[in-house]
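Welcome! Open your viewer, get the selection tool ready, and let us take a short walk together.

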Amino acid sequence: MSSTTNIKGMENRTVQILLLEDEPFMADHVIGSLREVMPEAEVVHTRTYNEALALALGTQFDCLILDRNVIGGDGLGLVSALREKEAVSYTHLTLPTKRIV
């Protein structure tokens with residue numbers, strides 16, 4: 001599966017994903033998993049709320065993967081901040097029910 005051919009309207013551009021995760025092990029796991037299913041995607045990783053907010057306001061990401069509790073804030077707060085600034089057009093939230101290690 002190619003990250004540039006299966007999403008309607010995005011056939012000729014690279015999918016951009018913002019990952020907000022402060023634990024290196026989890027970030028590596030998520031990035032590795034994304035690269036397996038979407039090898040052409042551009043994954044931008046940050047560890048802090050403030051950096052994620054600045055990146056999300058300055059770049060039109062196709063997908064945001066946000067940790068719940070990070071340095072300076074949390075993923076849900078980031079979603080709220082982006083919605084207030086109309087920086088995201090729609091939001092789908094998925095929260096884990098148990099920790100996967």
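Where is Glu86 found? Select Glu86 and you will land in the segment after H3; helices (H or I, at least four residues) and strands (E, at least two) are DSSP runs, numbered from the N terminus. Before moving on, note that this is a predicted model, where local features need pLDDT of at least 70, side-chain atom pairs count only at pLDDT 80 or more, and totals for chains, interfaces and linings use all residues. Residues are numbered from 1 along each chain as its sequence is written, and side-chain values use heavy atoms, with hydrogens and water left out.

Glu86 counts as exposed because its relative accessibility is 71% (exposed is over 50% relative accessible area, buried under 20%, partly exposed in between, with a 1.4 Å probe and protein chains only). Its phi is near 55°, a positive value in a residue other than glycine.

Next, select Asp22, in the loop between strand S1 (16-20) and helix H1 (24-37). Asp22 is buried yet has no salt bridge, meaning a side-chain nitrogen of Lys or Arg within 4 Å of a carboxyl oxygen of Asp or Glu. The nearest side chain of opposite charge, Arg47, is 6.0 Å away (Lys and Arg count as positive, Asp and Glu as negative; His and the chain ends are not counted).

Now highlight the largest nonpolar core, eleven residues including Leu18, Tyr49, Phe61 and Leu82. Such a core is a set of buried Ala, Val, Leu, Ile, Met, Phe, Trp, Tyr and Cys residues joined through side-chain atoms within 4.5 Å. S1, helix H2 (49-58) and helix H3 (75-84) each supply at least two of its residues, and H2 gives the largest share, four.
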